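Please read the following account with the sequence and the model side by side. It goes from single elements to the whole chain and then to the ligand.

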Amino acid sequence: MSASSKKATGNVSLARRAWSIRRHALNMGKVQGQGYIGQALGVADVLAVTYFHALNYRRRDPEWEDRDRFYLSVGHYAIALYAALIEAGIIPESEIGTYGMDESRLPMSGMAAYTPGMEITGGSLGQGLGIAVGAALGLKRKGNPAFVYNMLSDGELGEGSTWEAVMSAVQWKLDNLIAVVDFNNQQADGPSRDALATEPGTEQGKWAAFGWHAQEVEGNDIEELVKAFDRARLLSDRRPRVIICNTMMCKGVPFLEEREKSHFIRVEADEWTKALAHLDGEMPP
Ligand SMILES: Cc1ncc(C[n+]2csc(CCOP(=O)(O)OP(=O)(O)O)c2C)c(N)n1
Ligand SMILES: [Mg+2]
């Protein structure tokens, strides 16, 4: 792990951060008995590296002008982002019990106006990267050194608007833009690769062919993620960058990992207890 990641995480390891993100997500899911828990468990390692290694932000001043922006395109991943924002100290842990309730700042589908640290309202899939392109261009023109990170899902790679944004980012030489794809190979109806195949070639090859600096990594391997995030940030050419993260839905809770379909899951009351007990038994140092 690099020195900068130690600075960002204090004495807490990134593995422990990811573990806590999973735990916060399960505790929120438990409130409603259902939700997009598979995504939160799957992307927890990526979010730990994002929030505790890569992003520059101020916990007590989430709107600090020079902060790096993190744009979540996938509104239904809100539970994952809330878990990261709770771990980052931007949302108090005491709000977990309000998840999905009327008047809560943590609605099941993310709303930027409700939640500190949630920069955009995603959910209409395929819009996030276009918003990120506009923001990256605006920051550049203002001379602001911040980076824009956009987390998008593999399902969003089937949207034409995503590829318009991909081309625009190259046109504008947005070297302050980093796309992070959560490639869990799942969509609402089944595997993404069955919905719109990438062949011939690979996902990485496709982004590279459009002119992006493209990396593909094991998205549940923290060391690999740290290296890829560092490389994306420190690159000295003027291309936008993408990190395609191959993740496993429900990662970290074996009996949920085995489920064939995890887009939206219902979990019995005793299973939440079982899932949390499993995590408790695996707490990293
Ligand atoms: C433009 C648009 N079309 C359709 C939907 C409905 N929808 C919500 S989630 C989802 C699945 C998209 O794939 P992905 O984000 O990869 O799903 P996951 O990995 O979370 O299962 C769809 C089609 C939407 N929100 N926006
Ligand atoms: Mg998916």
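The model is predicted, so local features need pLDDT of at least 70 and side-chain atom pairs count only at pLDDT 80 or more, whereas totals for chains, interfaces and linings use all residues. Residues are numbered from 1 along each chain as its sequence is written, while chains are lettered from A and ligands numbered from 1 in the order in which they are written.

Is Ala 84 buried or exposed? A residue counts as buried if 20 or more other C-beta atoms lie within 10 Å of its own, as exposed if 12 or fewer do, and as partly exposed in between, with C-beta atoms placed from the backbone. Ala 84 has 29 other C-beta atoms within 10 Å and is therefore buried. Two residues are in contact if their C-beta atoms, placed from the backbone, lie within 7 Å. Apart from its neighbours within four places in sequence, Ala 84 is in contact with Ile 21, Leu 47 and Tyr 51. Leu 14 is 70 residues from Ala 84 along the chain, and their C-alpha atoms are separated by 12 Å.

Another buried residue is Phe 52, with 22 other C-beta atoms within 10 Å. Phe 52 belongs to helix α3 (residues 37–54). From Phe 52 to Pro 116 there are 64 residues in sequence and 17 Å in space, C-alpha to C-alpha.

Helix α6 (residues 160–171) can be followed as an element. Its twelve residues reach 17 Å from first C-alpha to last, close to the expected 16 Å, a span taken as 1.5 Å times one less than the number of residues. In α6, the residues Thr 162, Ala 165, Val 166 and Ala 169 are buried. They lie on the same side of α6 because they cover an arc of only 105° around the axis, the arc being that of the directions from the helix axis to the C-beta atoms. Gly 160 and Gln 171, on the other side of α6, are exposed. The cover over the buried residues of α6 includes α5 (128–142), β3 (148–153) and β4 (177–183).

The loop between α6 and β4 holds Lys 173. Most residues other than glycine have a negative phi. Lys 173, however, has a positive phi near 50°. Lys 173 is partly exposed because it has 15 C-beta neighbours inside 10 Å. Asn 185, in the loop between β4 and α7 (192–195), also has a positive phi, of about 55°.

Now the whole protein. It has eleven helices and seven strands. Its radius of gyration is 18 Å, close to the 19 Å that the globule rule gives for 285 residues, so the protein is as compact as a globular protein of that length; the radius is taken over C-alpha atoms, and the rule is 2.2 Å times the number of residues to the power 0.38. Buried residues make up 47% of the 285.

Last comes the ligand. A residue is near a molecule if its C-beta atom, placed from the backbone, lies within 6 Å of it. Ligand 1 is surrounded by 16 residues, the closest being Leu 125, Ser 153, Gly 155, Gln 187 and His 263.

Conventions: Helices (H or I, at least four residues) and strands (E, at least two) are DSSP runs, numbered from the N terminus.
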